[in-house]
Amino acid sequence: MKRKLTKILAGLLCMAAVMMPMAGAKAADVEEEAKQSYELPVQSNEIKDWPEGPAVYGKSAIVIDADTKAVLYAKNIDDEHYPASITKVMTALLAVENGNLDTDKVVFSQESVDFLEPGDAYIGMRPGEEISLKDALYGILLASANEVSYAVAENIGNKLPGTGTGYEKFVAAMNERAKELGATHTHFANPHGLQDENHYTSAHDMALISAEVFAHPELLEIMQTYEYTIGPTNLETESRTFQQRHEMLISWDPHYYEYCVGGKTGYTDEAGNTLITLADNGKMHLVCVEMETRGQHIYDDTRSILDYGFNQFERQEVESKVLERAEEEAHASVNVTEPVYVTLPSGASQEDLEFETGEENGASMLYLTYQGQTVGSVPAQIDEKAAQQAEKGEKAASVLDKVRGVFSGKRWMIVAAAVAAVLVVIIVVLVVFRRRRRRSFLRTTRRQKKMERQRRRRMRKAARRSRRRGRKRW
């Protein structure tokens, strides 16, 4: 018995000795990839008069103001990545928008359980088991349970219009809702985020989707819960208890962040670490998303760029005189009773705002911009004819400005000299050309006269020969 135990221990030690270098090499590769991501450029740092933000280890990262949708920090925000379990924020949002947390039931099908593979997050639900939609959302957002996400999609999908199974209709609705919220680089293939090549999104899209959570206090309440228990069900006599996974929401965790009010974690081998964090300091609601992060950096990154957002920007109510100028310059009519806000770098003046018009979900919008960045928006009625005429006038004015710019200062002297030189060259070429042409004409004229004289001589000679022949004949 001792010999067998000794052999087993020896074998385990050998396996550990083999695996340790492999684990060390893998960790080194992860850190090297993280270092390369850290060195990628931060596009928001390239904007004139914009606060400089910190470098982060994620390949993509963003911070937006959830109320104005202003992008405060931007690093490859439109690059497409696998989202992993942060997908479940879209699933929960769609569920709460189309269901009732207290009265709707979620029944688990065989498919909702059978699709799971070893290593997938789950809470052990069984086919035929039934729980409330509220319990299900706790399972999705806290425990990241994949079978619960699948079952919610099936059950809520059955209430949605369209063709196909409830699951198929729900996934289609995820994509439609994402587009309504402004997503342009997103395609959801499932409600849970497990790996699928056709399941991708961007940091910017996920920030816009997550910002909508602030409009649903019930989702924020679920996200902020540390521990939750689903009691016995129709098939299970034991309770299921699970805890919060987002470390910035756990008060005794080293990564705790006092302004964090919600979020969702995600991880797969293909996606790396992904993280959504919602924060509220009493003045601004910020959404931070970081994607494809390798190594243990994502919480420190999130803290640094959220602090950057809170410390370097402020949300301001747009002054009435600025709105009046916006209406005049953009040929728009703003009819809102609530205040209009913009998010600007601290100390920036609203006098520097510029205005553009556009369309969102079929509605005309007035966009307020600073240094080319949209910092706020408001629904507006646009006078299209006046706007088109103004655009033509601006183009003409732009051309005139360029001409004026050319003929100003020292540049005018350089241009005048260049024009004079060109004119001299043209005159010289014309003179030479005319002379050559005249000489050519004179040569041609002399040649023609000579040929004419020769022709006349030949005709006279021919006439004389003809007369002589005639006299001889007679």
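A pocket is found on a 1 Å grid over the protein atoms alone, as an open set of points with protein on both sides within 12 Å along at least five of seven lines; a cavity is a set of points where a 1.4 Å probe fits but cannot get out, and lining residues have an atom within 4 Å of a point. The model is predicted, so local features need pLDDT of at least 70 and side-chain atom pairs count only at pLDDT 80 or more, while totals for chains, interfaces and linings use all residues. Residues are numbered from 1 along each chain as its sequence is written, and side-chain values use heavy atoms, with hydrogens and water left out.

The second largest pocket holds about 620 Å³ of space, where a volume is the space filled by probe spheres set on the points, and grid points are joined across faces, edges and corners. Strand 7 (260-268), strand 8 (272-280) and helix 9 (298-312) each give at least two residues to its lining; helices (H or I, at least four residues) and strands (E, at least two) are DSSP runs numbered from the N terminus. Strand 7 has the largest share, five residues. The lining of this pocket comprises eight nonpolar, 16 polar and nine charged residues, with Ala, Val, Leu, Ile, Met, Phe, Trp, Tyr, Cys and Pro counted as nonpolar, Asp, Glu, Lys and Arg as charged, and the others, Gly among them, as polar.

The largest pocket contains about 1,100 Å³ of space. It is lined by 40 residues, and those closest to its centre are Asp 67, Thr 68, Lys 69, Glu 360 and Ser 377. Two or more lining residues come from each of strand 2 (71-75), helix 6 (166-180), helix 7 (203-211), strand 14 (363-370) and strand 15 (373-379). Strand 15 gives the most, six residues. By class, 19 of the lining residues are nonpolar, 11 polar and 10 charged.

Helix 4 (residues 133-141) is largely enclosed by the rest of the structure, because eight of its nine residues are buried (buried is under 20% relative accessible area, exposed over 50%, partly exposed in between, with a 1.4 Å probe and protein chains only).

Which residues of helix 10 (residues 320-330) are buried? They are Val 322, Leu 323, Ala 326 and Ala 330. These residues cover an arc of only 100° around the axis, which puts them on the same side of helix 10; the arc is that of the directions from the helix axis to the C-beta atoms. They pack against strand 11 (332-333), strand 13 (354-360), strand 14 and strand 16 (381-382), contact meaning heavy atoms within 4.5 Å. Ser 320, Lys 321, Glu 324 and Glu 328 are exposed on the other side of helix 10. Just after this helix, His 331 has a positive phi of about 55°.
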